[in-house]
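Let's take a friendly tour of one part of a protein. Have a look at the picture below, and then we will go through it together.

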Amino acid sequence: MTASTNRVEISLEINGRTITQSVPVRMHAADFLRQTLGLTGTHIGCEQGVCGMCTISVDDRVVKSCLLLAVQLDGARVRTVEALSDGDRLSLLQEAFKRHHALQCGFCTPGFLAVAKSLEAWGRVLTRAEIRDEISGVLCRCTGYEGIVRAIEDYLGAVHGMSAQTEVPA
Amino acid sequence: MNFQVTAGVDMPADTDRAIIGRSVPRKEDDRLLRGGGLFADDVTLAHQLEMAVARCPFPHARILRVDTTAAEALPGVVQVLDGRRVAELSEPLTVLRPVPGAPSLPYYALARDRATHEGQPVVSVVAVTRAIAEDALELIEIEYEPIPHVTDMTATLEPDAPVLHPDVLESNLMASNVDRAGEPEAQRDAAHAVLADRFVVNRVAPLPMETRGIVVSWRSGARALDVRSSTQVPHLVRKQLAESLRLDESSIRVVASDVGGAYGLKLGAFPEDILACLHAMLLERPVKWIEDRMEYFRASTHGREAFHDMMIAADKDGRITSIMNEYTTDIGGWNSPFGSSQLSSVTFTGPYRVADAQVKRNVVLTNKTPVGAYRGYGQPEVNFAREVLLDRLARRLNKSPLEMRRLNMLRPEDLPWTTPSRAIYDNGDYLRTLEMAATAVDYERHWAASRKPRGDGRIVGIGLSSFVERTGYASARFLANRGSQFGAHESVTLRVNRSGGVDLYTGVSTFGQGSETAFAQICAQVLGIDYDFVRVHAGDTGASPLNTGAFASRTLIAAAGALKEAAEAIRDKVLVIAAMALEAETDALEIRDMAVCLKADQGRSISFKDIFNRAITGQGIPEGIAPGLEATAHFEPRSASFSFGTAAAVVAVDPATGDFEIERFVMVHDCGVPVNPLLVEGQVRGALVQGLGAALDEELRYDPETGQLMNGSMMDYFAPMASDVPPIELLHTEVPSDVTPFGVRGVGEVGTIPPAAALTNAVCDALVDFGVEISQMPLTPERIWRAIRAGAAS
Ligand code: FES
Ligand code: FES
């Protein structure tokens with residue numbers, strides 16, 4: 001019979017909420033988030049692990065959710081873009097994106113936010129070249145990346161209490 | 001602030017009231033930053049089915065037999081359509097911007113007997129899930145007979161090439177058009193120096209991160225087709241759907257909420273849109289189709305592919321006396337809604353004073369994915385040919401390319417200028433952008449120095465590239481003469497609400513260009529209302545007045561006028577109501593802080609909210625004044641406006657390998673008065689990086705033997721990543737356009753135009769002692785290395 005009748009039950013913590021859900025074994029994690037949980041902020045652009053539109057945080061690691069099966073989320077702690085803001089208030093990171101015009105169509109934005117958030121763990125402000133390397137797993141066809149790099153630099157500066165050097169194009 | 005305004009710029013002073021010209025935060029951002037955007041695939045309707053499409057795997061094939069029995073028997077499959085059935089149920093797709101002089105090539109949403117490109121839809125399936133629909137595709141038996149194909153643009157014009165549409169055409173030449181002025185041949189024959197070459201422009205993918213998509217439902221009792229589509233032209237999609245589906249437009253509502261990038265690709269109805277609608281109508285169940293990335297590469301539209309045979313003639317001082325350009329664009333297997341690039345003909349003489357010139361456009365068919373609009377639409381292509389040839393000619397004449405441009409550039413006093421193809425450039429200062437770019441990279445000193453390798457063995461080269469960009473259309477009459485199915489205007493409806501705000505309705509959908517923000521700024525400024533109190537409702541044909549849509553960098557120059565007129569109409573009525581309430585004459589009133597007050601006594605005032613409520617209820621308004629407070633305006637600008645500028649690239653080339661580094665990329669650009677400088681910078685940078693991608697790496701390649709796309713996946717097609725982008729410096733000048741409201745010029749596409757020529761010229765400049773000449777994009781190290789070898793051999 002078709003695989004879609006093959007289902008497995010998984011439990012996970014998603015954006016602070018613990019859920020148990022039965023999922024088709026062949027469903028990937030991005031579809032699971034979007035279709036089963038209604039978390040449509042995570043996007044899909046290639047289902048091939050290249051574009052990065054589906055990037056989320058799983059157990060504090062940045063992953064491309066189109067390359068994971070939903071069943072692999074069993075027991076995991078998952079964060080998506082929907083968990084970033086504080087109620088109606090944008091987080092510091094989101095504010096930095098807005099201030100620096102780091103988004104146009106916004107389709108790539110959830111992916112970049114997930115990567116940017118993970119860079120906090122470096123404990124310092126990355127150089128622009130480092131930021132560019134780190135975000136290269138997510139594509140943006142609209143902005144040319146400059147606003148994204150500036151926003152992340154600014155944000156890391158705020159988080160780590162250092163002012164980022166600005167206005168040097170890189 | 002993000003935006004660097006640099007010397008030479010006349011920015012208007014920010015008064016505390018002025019909101020036009022300020023980098024206010026975008027209206028669009030909050031929802032998008034919170035994962036609250038509403039893209040096509042974010043909409044899921046109750047009882048929805050999903051569609052998948054079987055596509056021809058060959059570039060050219062007869063379809064001998066289609067057997068869908070096994071697919072139909074698969075549990076979960078609800079309906080299968082083939083080409084025969086679709087031809088009964090619908091009309092062929094229509095074209096929005098036909099190629100002048102070309103026969104229409106009507107085609108149905110599904111191929112019947114013959115498919116003319118890889119990826120053309122042949123059978124469509126709807127099932128309870130996309131996965132089952134795709135499983136069903138595997139069970140469909142389609143017997144193809146591959147027939148001779150042609151994918152090469154030169155070969156397609158050979159007498160032995162298989163003719164793609166033999167019932168209407170004798171060859172694969174779809175149309176030719178000539179524009180000319182003066183005596184270009186005589187001038188050429190009399191010239192001191194004449195150079196000509198063929199410039200080859202790569203086929204590229206526009207590549208929005210959100211693919212195409214549609215969610216459609218039909219209520220037959222109500223005759224209501226409700227369409228959610230990822231499109232930049234909802235009203236035009238509605239028109240096309242009505243035509244193909246044999247419905248009245250009144251039965252169709254098209255909504256584009258958030259669109260994840262468009263760039264010209266999402267400019268009209270595609271076969272899959274018709275198919276999803278047909279299924280939904282037949283089944284009376286909602287149907288969703290979201291294009292997957294493999295489909296995207298083969299079945300949407302591609303951009304650019306062309307070659308330009310360009311000739312420039314000059315006198316001994318370097319004055320250009322004649323330009324002749326015959327170019328050929330590939331339209332692929334069918335005429336897409338917008339067709340291949342047409343603007344090379346408009347801007348082929350660039351920012352130069354050339355009176356004797358001719359341009360000829362040939363449009364050819366090949367067995368490849370159709371070509372449609374892509375940001376720039378012919379302007380990057382012709383700019384590459386002209387600017388590279390101009391540098392070559394300068395070197396031939398022992399002149400600096402800077403000097404050559406200086407000598408030939410149109411001066412402010414030459415403008416307005418009617419080009420040989422009868423476009424009219426509005427006012428501008430082209431030379432200033434050239435001088436600013438040259439100064440920024442210290443061009444004069446570089447030119448005079450020798451091209452010796454640096455310590456790291458690399459040779460530095462600098463290339464210039466000057467350009468104009470047509471933004472908007474000349475007029476509705478101009479479009480009518482070319483058979484275009486749309487106008488040159490924009491429209492808007494403003495309607496006040498009881499909360500004291502204004503609802504702004506526009507048919508322009510939101511795909512990243514920031515129109516919600518810019519429109520709200522203009523409305524706020526004219527009406528005197530807070531920016532935060534303007535809510536923009538975009539892209540819904542059920543709510544917005546009929547319009548044209550967002551393409552051709554035309555939205556703002558037309559919409560600004562409509563916004564101004566509508567906001568003035570609201571303002572006038574606000575003052576009339578306030579005059580009655582305050583027992584004063586309207587001249588004695590002024591608008592301040594969302595209220596109307598007496599100029600002489602600001603303490604006596606009435607709030608907008610009060611006035612709006614009076615108007616909405618009709619209670620407390622002057623006698624003889626109709627209740628309600630809303631205004632719709634349509635506006636067509638006097639003519640197109642031309643943005644302009646100059647780019648300069650500094651590269652360091654390794655003469656042994658052809659590898660090169662872009663050390664600086666400077667772009668000086670004028671888009672008139674920027675409504676929001678932050679948005680302008682974003683548009684320029686984004687387009688520039690698309691232009692760099694096409695100049696450096698991007699190329700859709702077809703196997704000449706099999707006729708198949710060789711790199712049609714995200715793994716194989718290299719769009720620029722963050723780490724690929726070189727340093728970019730933007731400089732702006734600001735000459736307000738004298739043909740548009742507020743002096744704005746379009747800005748959406750300009751960045752795509754100069755990069756290829758600037759970089760090519762820089763590499764050729766570095767390698768001038770090696771005799772390197774490059775006439776083909778993309779500019780890969782391999783191509784440079786080959787040119788070095790060719791130069792050494794000759
Ligand atoms: S959708 Fe996951 S990487 Fe593209
Ligand atoms: S903002 Fe459109 S793809 Fe990044």
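## A helix across a sheet

Which strands does helix 12 of chain B lie across? Helix 12 (residues 430–440) of chain B lies across strand 18, strand 26, strand 27 (660–670) and strand 28 of chain B, and runs at about 20 degrees to strand 26 of chain B. Helices (H or I, at least four residues) and strands (E, at least two) are DSSP runs, numbered from the N terminus. Axes are lines fitted to C-alpha atoms, for helices over the stretch in contact, and angles run from 0 to 180 degrees between N-to-C directions.

This is a predicted model: local features need pLDDT of at least 70, side-chain atom pairs count only at pLDDT 80 or more, and totals for chains, interfaces and linings use all residues. Residues are numbered from 1 along each chain as its sequence is written, chains are lettered from A and ligands numbered from 1 in the order in which they are written, and side-chain values use heavy atoms, leaving out hydrogens and water.

## The sheet itself

In chain B, four strands form an open sheet with the order 18-26-27-28 and mixed pairing. Strand 18 (459–471) and strand 28 (728–733) of chain B are its edges, each pairing on one side only. Two strands pair if DSSP finds at least two bridges between them.

Strand 18 and strand 26 (residues 641–653) of chain B run antiparallel, joined by 13 bridges. Arg470(B), for instance, has Phe642(B) as its bridge partner in strand 26 of chain B.

## Two helices side by side

Helix 10 (residues 379–396) and helix 19 (residues 755–766) of chain B pack at an angle of about 25 degrees, with axes 8 Å apart. These two helices of chain B are therefore roughly parallel (angles under 35 degrees count as roughly parallel, over 145 as roughly antiparallel, 65 to 115 as roughly perpendicular and the rest as oblique).

How values were computed:
Contact = heavy atoms within 4.5 Å.
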